[in-house]
Amino acid sequence: MRRPDSLSKQPATARQTLALGIAAAVLLVAGSLGLLFGGTGYAVLAGFGRISYHENGFAQLPLALTPGRYQALLLALGGAAAGSLLALALLRPASALAALRAEWRRAGTRGRAWWRAQAGRSQLAAGLLLLAVLAARLWYLAQYPLSTDEVASYDYFVRGGPAVITSFYPIPNNHIFYNLLAWPLAELGLSPRLAMRLPSLLLGLLGTSFGSVLLARLLGWWRATLLLGLVGLAPLWVYYAANGRGYFVQFGLLQIGLFAIVELLRPASRYQRLSWLALLGSSVLGLYTVPSYAYPLVALGLGLAAGLLQQRRWPELPTLALAGAGIVLLAGLLYAPVGAVSGWGQLLGNRYVAARPDFWLHYRAALYEIGAELFGPSLRLSGPAWLALAALGGLAAGRLVLPGPRRTLALLVWLQLAVPLLLMAVQRVYAPARTLLHLTFFGYLLVLLLLTERLPTLRRAHQRIAQALALLAGLGLGAYRLQLDQVRLQASRRETQLFQQAYDWLQHQPDAHRIWLNAPLHELFFAHYARQQPGPLRVLHSGRRYPTAVHYDYLVVKNQPKHSAPFSYRLAYHDELVNIYASTR
């Protein structure tokens with residue numbers, strides 16, 4: 001069937017709009033980073049090599065920075081900014097911007113009309129469940145102590161300001177975009193807990209609401225409500241939604257990219273310009289939040305390319321290539337300060353991306369453990385279920401889900417489940433479960449689509465019953481699982497209490513000036529407490545063998561059974577986690 005003329009001309013117009021978006025983004029990124037690092041100066045950047053961080057002991061990063069690398073960074077940023085200005089002048093943005101504004105207004109008008117047409121009871125049920133999700137996240141924000149990752153992010157990056165955040169990369173803990181969001185909150189004087197966790201809480205709530213509404217438009221309210229209850233109240237999801245890390249912001253960006261591709265693969269989409277820009281922006285920010293966003297991004301790109309090829313939309317393939325090039329260019333510019341100051345090896349060769357020689361020996365066991373953490377507590381069921389969905393989910397979606405946006409969504413979700421397994425095998429790495437957090441959502445979504453797609457259309461009265469049952473099921477199951485998680489919460493609170501108790505004891509010892517530690521978690525938290533709490537200056541050292549060349553006032557040693565006091569020291573403090581020995585000299 002021949003496409004209408006107005007639609008057949010869309011790819012070139014969308015491509016022009018995308019090119020404008022890339023040029024504008026390059027100008028923003030290169031200009032901002034150029035001003036930041038041009039104003040910071042080489043001497044200040046060289047001082048980052050004296051920042052003490054913790055990774056299996058206190059350490060300082062040997063920087064890759066040289067005067068030549070610093071000048072090359074400024075030249076690259078300046079050249080990119082100049083090139084983007086030239087591109088903007090040549091592209092003549094007026095007509096493309098007018099078309100983009102028209103799409104935005106059209107989308108807003110249609111969205112408001114759809115919202116007004118929905119039954120109030122459906123929106124109320126989803127709203128009540130969303131309030132329950134928010135309450136659970138607030139509870140976790142207030143009750144869960146700061147994690148080691150949050151403490152490290154705050155102490156080593158957020159406190160240092162934008163130049164440190166965007167260039168200092170001693171450990172993969174630096175989620176750059178997220179830490180940039182937390183920095184102004186720390187500058188306003190908020191506590192580390194609030195500064196680190198508020199961006200995740202607020203943006204996570206926005207992403208959850210946005211995703212639920214779009215799912216309701218595609219699948220109906222009762223399915224969207226059931227999925228929100230099954231996933232939104234899962235303990236792992238509640239924890240990371242209230243945790244000061246980039247994973248939940250990353251998931252919100254992934255939802256934007258996913259629904260943008262669903263829209264792009266509609267044969268007669270009227271929102272191509274908006275969708276391409278949404279895909280571009282979410283992809284770049286996702287990679288800048290956590291580099292592991294490359295996993296879902298590869299799956300999205302494969303899905304979009306396959307969809308365009310299947311529909312024989314050859315003129316749009318150059319637009320896809322342009323989007324890919326723009327994402328690579330912008331991500332490269334954003335990470336250029338890391339490469340210049342810390343070295344590209346810190347980003348591309350750290351322990352999370354280094355190939356494991358014993359990978360194939362433990363691959364299945366690792367997948368089962370990751371599956372149990374993501375989908376449920378059972379190693380016997382969760383891992384095999386993930387593998388089965390990855391192997392057969394695409395075939396099942398093609399046969400069970402009716403053609404149209406739902407099938408497109410189902411196939412894109414299937415790729416999200418399958419591609420990480422292939423990428424881990426190619427890289428020979430085990431991705432941590434937290435970097436695959438989105439798979440929980442996509443796994444439940446695909447199962448829900450496969451099981452309910454062929455159900456007959458429910459009458460209005462039956463829809464209300466299904467909505468009520470979905471609400472009760474979500475609240476009941478969520479409350480049960482969160483109750484089970486209280487054991488882990490109390491254990492975490494007890495551990496942090498012991499860290500603080502041991503540190504306070506040392507603070508009250510007048511002769512505790514030089515302290516040596518062989519207790520990794522205490523090392524991290526003692527250094528954090530020293531930065532946060534006024535008191536006498538303590539010099540902290542760490543090691544994995546007892547010091548012999550230097551004598552210390554106190555030794556802090558991880559508690560081990562049948563552990564005797566070292567020579568010329570006596571046991572002065574003991575708890576469940578640590579022994580502290582005082583010098584007898």
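Tutor: Contact here means heavy atoms within 4.5 Å. The model is a predicted one. Among contacts between residues at least 6 apart in sequence, 76% join residues at least 24 apart.

Student: Which residues does L409 contact beyond its neighbours within four places in sequence?
Tutor: L215, L218, L219, L258, V262, L445 and L449.

Student: What makes a set of residues a nonpolar core?
Tutor: The members are buried nonpolar residues joined through side-chain atoms within 4.5 Å. The largest such core has 168 residues, and W386 and L409 touch the most other members. Another core lies apart from it, with 6 residues, including Y552 and Y569. In soluble globular proteins, nonpolar side chains tend to be buried together.

Student: Why is L124 called exposed?
Tutor: Exposed requires over 50% relative accessible area. L124 has 52%, so L124 is exposed. L124 lies in helix α6, residues 120–143.

Student: What makes the nonpolar surface patch that includes L124?
Tutor: L124, L128 and L131 make the patch, which covers about 300 Å². Nonpolar side chains are joined into a patch within 5 Å.

Student: How do you know that the radius of gyration agrees with a compact globule?
Tutor: For 585 residues, a compact globule would have a radius near 25 Å; the protein chain has 26 Å, so the value agrees. The C-alpha trace spans about 90 × 60 × 45 Å along its principal axes.

Student: What share of the 585 residues is buried?
Tutor: Buried residues make up 51%; buried means under 20% relative accessible area.

How values were computed. Residues numbered from 1 in each chain as written. Predicted model: local features only at pLDDT ≥ 70, side-chain atom pairs only at ≥ 80, totals over all residues. Heavy atoms only, no water. Patch = residues over 30% accessible without salt bridge, like charges linked within 9 Å, V, L, I, M, F, W, Y side chains within 5 Å. Areas by Shrake-Rupley, 256 points an atom, 1.4 Å probe, with all protein chains shown as cover. Salt bridge = Lys/Arg side-chain N within 4 Å of Asp/Glu carboxyl O. Helix = DSSP H or I, 4+ residues; strand = E, 2+ residues; numbered from the N terminus. Buried < 20%, exposed > 50% of the residue type's maximum accessible area, 1.4 Å probe, protein only. Rg over C-alpha atoms; globule rule 2.2 N^0.38 Å.
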